[in-house]
Amino acid sequence: FSLFYDMGIVAPRAVYAKLYVNEEFWGLFCVVEEIDGRFTKSRFPNSGDGNLYKEIWPENQAYDSDILGALTTNNDPVDTPDIADFKSFRDAVTAMTTDSANFLAVVGPIVNLSQIVKYMAVDRGIMNFDGVVSAYVTWGGHLRHNYFWYHDEESGLFTLIPWDLDKTFLYPEPNFWTNNQPNVIN
């Protein structure tokens with residue numbers, strides 16, 4: 001997380017702690033700040049009440065029910081959660097052609113592009129194989145894992161926030177689905 005933070009990327013704080021229970025040492029643990037409304041208010045002091053979404057990608061398979069399920073702030077059913085921001089993000093991304101100039105022109109006003117470029121540089125540098133660049137195929141959609149999107153109401157931009165970096169710095173990237181056994185074709 002400190003590498004993300006050092007690159008100017010919004011990230012949770014983390015620290016190591018020795019845990020003792022009744023004066024008995026239980027081990028060394030990593031304490032990571034939760035990404036929630038308190039987190040967004042501390043990182044976005046002028047607009048920390050925006051929508052925070054966990055592990056949803058702006059793709060065709062991001063249905064309204066999925067978006068509502070991913071919403072982790074402002075999600076009280078009594079208040080009728082407003083997910084129009086993410087739906088607009090999804091619709092802009094999925095309406096694009098493969099033309100990169102067109103993609104940047106449309107997505108640029110929606111996401112913090114300079115932040116995403118830095119995010120990807122760090123993510124690839126630490127070889128985070130269980131993060132935003134992984135796409136597990138599930139039930140007709142794709143599961144990308146271990147990140148949040150925050151919609152900053154002040155700037156109007158979505159910011160990508162890293163989460164759960166326990167599968168990093170491993171080379172080659174392990175095949176953790178088969179207990180790291182090599183893939184063999186007979």
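**Close-up views of a predicted model**

**View A. An open sheet of three strands, E3-E6-E7, with antiparallel pairing.** The model shown here and in the other views is predicted. Strands E3 (52–54) and E7 (158–162) are the edges of the sheet; each has a single partner strand, so one side of each is left without a neighbour in the sheet. On average, and with direction ignored, neighbouring strands are turned by 25° against each other.

**View B. The antiparallel pair formed by E6 and E7.** Strand E6 covers residues 147–151 and is joined to E7 by five bridges. Tyr 147 has Pro 162 of E7 as its bridge partner.

**View C. The buried residues of helix H4 (residues 84–94).** Asp 85, Phe 86, Phe 89, Arg 90, Ala 92 and Val 93 are buried. These residues lie on the same side of H4, because the arc they cover around the axis is only 165°. An α-helix has 3.6 residues a turn, so residues three or four places apart point the same way.

**View D. The largest pocket and its lining of 19 residues.** The space in this pocket is about 430 Å³. Nearest the pocket centre are Phe 1, Ser 2, Ala 14, Tyr 16 and Cys 30. Helix H1 (2–6), strand E1 (14–21) and strand E2 (24–32) are the elements that give two or more residues to the lining. H1 supplies the largest share, four residues. Sorted by class, the lining holds 15 nonpolar, two polar and two charged residues.

How values were computed
Residues numbered from 1 in each chain as written. Predicted model: local features only at pLDDT ≥ 70, side-chain atom pairs only at ≥ 80, totals over all residues. Heavy atoms only, no water. Buried < 20%, exposed > 50% of the residue type's maximum accessible area, 1.4 Å probe, protein only. Arc of directions from axis to C-beta. 1 Å grid on protein atoms, 1.4 Å probe; cavity = no way out; pocket = protein on both sides within 12 Å on 5 of 7 lines; lining within 4 Å. Points joined across faces, edges and corners; volume = space filled by probe spheres on them. Nonpolar A, V, L, I, M, F, W, Y, C, P; charged D, E, K, R; others polar. Pairing = 2+ DSSP bridges. Axes fitted to C-alpha atoms, helices over the stretch in contact; angles between N-to-C directions.
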